[in-house]
Amino acid sequence: MTQHVYAAEIGETAKLLADDPFWLILVKVVAIFAFLVVMTLFMINWERKVVARMQQRPGPNRVGPNGWLQSLADGLKLAFKEDIRPVLADKWVFFLAPVISCIPAFLAFSVIPLAGEVNLFGEQTALQLVDLPVGVLVVLACSSIGVYGIVLSGWASGSPYPLLGALRSAAQVISYEIAMGLSIVAVIMFTGSMSTGDIVGAQATTVLGFAPGWFGFLLFPSFAIYVVSMVGETNRAPFDLPEAESELVGGFHTEYSSLKFALFFLAEYVNMVTVSALATTLFLGGYHAPWSGEFMNTGWWGLLWFIIKTLGFLFIFIWLRGTLPRMRYDQFMRLGWKVLVPTSLVWIMAVAVIRTGAIQQLSTAQRLIALGVIVGLVLLVSFLLPDKKVQDTKGVPLAGSGFPVPPLDLVVPKTAPKRKVKVATLPKETAAVTTGKEAE
Amino acid sequence: MSLLTFLAQQQPEPVQRVVDTVTTGEAVTFWILGPLALAGALGMLFARNAVHSALWLVVTMLSLGVLYMVQQAPFLGFVQIIVYTGAIMMLFLFVLMMVGRDSSDSVVEVIRGQRLAAALLGIGFAVMLVGSVGRALTGVDARGLAEVNTTNGGNVGNIGSKLFTEYLFAFELTSALLITAALGAMILAFVGRDGKPAKKTQKELVEERFQDGKRVGSLPGPGVFATANSVATPALLPDGTVAEESLFDVIEATDRSTLSDDVAEVAGTAHEPDAHALKGSES
C-alpha cells in the first residue's frame, strides 16, 4: 500500500487512522450518522425550548419526558404525510434536490476530529473517520455542493417564491463561502497544514503561561468572521433570507412536503452541527480541555470537551434566532462583500507579516522599522481617503403642501403621564355597534 | 507540431520516474467514475433543458474531481469541486434560472461566418486533443505522485512552492486577466451616480413628493365598505359627493351594462340568494 509511504509527511492522527481495519471504519461511519441524526432531533427540541423560554412560554412539554421526544414524533408524522409534487415541477430535479442537500451535509462531518487517541474495541485509533491532508477543504467542498440542493429545489418547484429563495440562496452562499474560506486561511498559515487533526494538535499549547493557545484567541478577527459567515452559510436567522417566511412563504422548500421536506430540515440542522464542529476544531482547540496537562484531557474525555464546545456554538445559533430580526437583503450582501471580505484580506496580510517576522527571527530594530513602515502606510492611505460628505442639514421645508404634516426631524415628546381616572370608574357608554337582536 | 515537441520537452527524464502501481481501489473507482464522467458529458450535449445540461456537466466535474483525489492529488480534486462545481457552475445555474425554463436556443446566425469559424476551431481543437492524449497514452510512462507527496511539505506545500516560484509569471498573468475581466464586468454593469442618479434614495423620494405639493398620501381607495365589495363603487366624501380620485380609469371606461350586477348589489335590488337553487330541478 502506498499509504505507509506518506508517513514521513503526515500528522499523528493520520498515522493512527492509517491502520484502521475495515469493520472499525464501518463502525465509525454508522456512529457519525447516528450522532448527527440524534443531534438533529435534540437540536430541534432544544431550539424550541430555548426560544420558548426567551419568549416566556413553556415550549413543547407533552411528548415524552419533559417533551424531549416531540421532534421524534414530528419526524415520524412527517414521514407518513402525503408526498405532493406540483404539476409544473421538474420531475427528476425535484426529487434529487433534497437528496443533494442532505448527502454533503453528512459527508462533511467525516473530517471532524471528535476526540484524540482512544481504545475502540481493542484498537488504538482516533475518533475521526479520515484525516486528509486537505481536510478543511472537504467541509468547504461539501457546503458548496449542498447549495445545489437549495438552488435546484427552488428551480424545480416551478413556482415563483421558491425560485426567488433559490436565487437569494445561491448569491448568499457563494458570497459567504468566500468570507469563510478567507477566515480559515489564517488558521492554515499558523498551523502549516490543512488537516483538521494537525490543526487541533497545533492548539495544544498555552499562551502567557495559563491561557489555552486556541486560535480563537490568537486569531480573534478570523474567529469573528468565521462565526458570522457560518450563520450566513447555513441560512439561519438573522440571515435566513432564502426561506424568509414574511417575504417568500417558505422560500426554497415552499412546494415540498413529507419526507422530502424532512430531508431539507435534516440537512439544515446537520449543517449547523457541522459548521459548529468545524468552528470548535479550528478556533476552540477541538477536543482539548481548557487547560494543558493530562488531567481530564486524554482519551474519551476529548469527546466531552468537543461536544460541550459544539453545543455552545449551537446555543449561539438558537440565541441569534430568538433575539435578532431578519436583515434586509442588500444590507446582508453589503456586510459580506464590503465588511467581512476586505477585513479578512487585511487581517491575512497582517498575519503573514507577523508569521514572517516570527520565522525570520528579526532583531528588535528591524521589527520596529517594519512597524513604522506599516503605520506610515496606514496613515498615507487614511490621508488619501476622501472626506465624508457633510450631510446638508438645512434641507428643504417639507410641510409646504397645505397638509398638516409633521417635519421629518420632529422630536417625539415624552409619553404623557398616566391617566388618573381608572377605566373601571368611567360611566358606562352604550356600544356604538349593537347586535341584531338588540336593534329589534 | 511544435506544441507536442514542447510537451515532450516538459517530460522529465525516464530515470527520475517512479512508477506507482495502480491499486484495486483505484481501478474500481476509475471504472465507476470514468463511464459516469462520459455519461455526464454526453448528457450535457443532448439534454434539451439548459438546466439539465448544466447538471450533467456538474456530474462530469465531480467525477473528475474524485479521480484527481484517487490519483494522489487531493488538493487539486477538492479545489476542482469547490471552484468549478461550487462557484462557476453555480453562477451558470444562476444565469440559466434567471433566463427561464422555457427559453430555447436561437438558431439565427448572429455573427457572419460564425458556424464556419466554429467548425474550423472545433476540428482544430479536436486534432490537438487527440494528438496530446494519444501521445500521453503511448509515449509517456506513468509517473506517480507518491514521491512528491511525501517530501517538502507534501501535496499542498509542493503545489504552493511551484506556483510561487517556477510558475509565478503565469500565475500573476492569470490573476491580471481575471482582475481585468472583473473590472470590465463592473464597468459594464455600473450605473453612474455622479451624472443623473439612476435610483433615488428613499429620502430623496420623500422630499420630492412633499415638494410637489399635490397629494402626499395615497389615492383614496374605492368605496368598498359594508354595502358592496366591488372596486367599481366610488368613495364618498364627507358631504356625500363622489370622490373623483377614487374612480378607476379602466372601470370608468367599461360599459355600464357589465357592471349592472354590482350596481344592483349596491342599490339593494339584486337577487336574494335562493336556497332552493341548490336542489335539482326535478324535485
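## Salt bridges

A salt bridge is taken here as a side-chain nitrogen of Lys or Arg within 4 Å of a carboxyl oxygen of Asp or Glu. The structure is a predicted model, in which local features need pLDDT of at least 70 and side-chain atom pairs count only at pLDDT 80 or more, while totals for chains, interfaces and linings use all residues. Side-chain values use heavy atoms, with hydrogens and water left out; residues are numbered from 1 along each chain as its sequence is written, and chains are lettered from A in the order in which they are written.

By this rule there are nine salt bridges over all chains. One of them joins the side chains of Glu268(A) and Arg236(A), at 3.3 Å from N to O. Glu268(A) lies in helix α11 and Arg236(A) in the loop between α9 and α10 of chain A, 32 residues apart; helices (H or I, at least four residues) and strands (E, at least two) are DSSP runs, numbered from the N terminus. Burial is defined on relative accessible area with a 1.4 Å probe and protein chains only: buried means under 20%, exposed over 50%, and partly exposed in between. Glu268(A) is buried at 15% relative accessibility, and Arg236(A) is buried at 3%. Both residues belong to a network of salt bridges that links Glu47(A), Arg236(A), Glu268(A) and Arg321(A).

A salt bridge also forms between the side chains of Asp240(A) and Arg326(A), at 2.9 Å from N to O. Asp240(A) is in the loop between α9 and α10 and Arg326(A) in the loop between α12 (301-323) and α13 (329-360) of chain A, so the pair ties together parts that are 86 residues apart in sequence. Asp240(A) is buried at 11% relative accessibility, whereas Arg326(A) is partly exposed at 26%. In chain B, Glu166(B) and Lys162(B) meet through their side chains in a salt bridge of 2.9 Å, N to O. Glu166(B) is exposed at 53% relative accessibility, and Lys162(B) is partly exposed at 41%.

## Chain composition

Chain A has 15 helices and four strands. Of its 440 residues, 45% count as buried. Contact means heavy atoms within 4.5 Å, and 77% of the contacts in chain A with a separation of 6 or more are between residues 24 or more positions apart.

Chain B has eleven helices and zero strands. Of the 283 residues of chain B, 18% count as buried. Residues 24 or more positions apart account for 49% of the contacts in chain B with a separation of 6 or more.

## Nonpolar cores

A nonpolar core is a set of buried Ala, Val, Leu, Ile, Met, Phe, Trp, Tyr and Cys residues joined through side-chain atoms within 4.5 Å. The largest core holds 84 residues, of which Phe109(A), Leu137(A), Ile184(A), Tyr226(A), Met230(A), Leu282(A) and Leu314(A) touch the most other members. Helix α11 (residues 258-283) of chain A gives the most to this core, with twelve residues. Apart from it lies another core, of 30 residues, including Ala89(A), Ile150(A), Ala166(A) and Leu167(A).

Beyond its neighbours within four places in sequence, Leu282(A) contacts Val136(A), Ile184(A), Val187(A), Ile199(A), Gln203(A), Phe215(A) and Tyr226(A).

## Individual residues of chain A

Ser101(A) is in helix α4 (residues 91-107) and is buried, with a relative accessible area of 5%. Its side chain reaches the backbone oxygen of Pro98(A) at 3.1 Å. Not counting residues up to four places away in sequence, Ser101(A) touches Gly146(A), Gly149(A), Phe264(A) and Ala267(A).

Most residues other than glycine have a negative phi. Asn66(A), however, has a positive phi near 60 degrees, and Asn235(A) has a positive phi near 55 degrees. Asn66(A) is in the loop between α2 (22-54) and α3 (70-79) and is exposed, with a relative accessible area of 59%. Asn235(A) is in the loop between α9 (220-233) and α10 (245-248) and is buried, at 4%.

## Interface between chains A and B

In the interface, 37 residues of chain A are in contact with 38 residues of chain B. The two chains bury about 3,400 Å² between them, 76% of it on carbon and sulfur atoms; buried area is the accessible area (1.4 Å probe) that two parts lose on being put together, summed over both. Zero salt bridges are counted between chain A and chain B.

Key. Polar contact = N/O pair within 3.5 Å; in protein donor to acceptor, adjacent residues only side chain to side chain.
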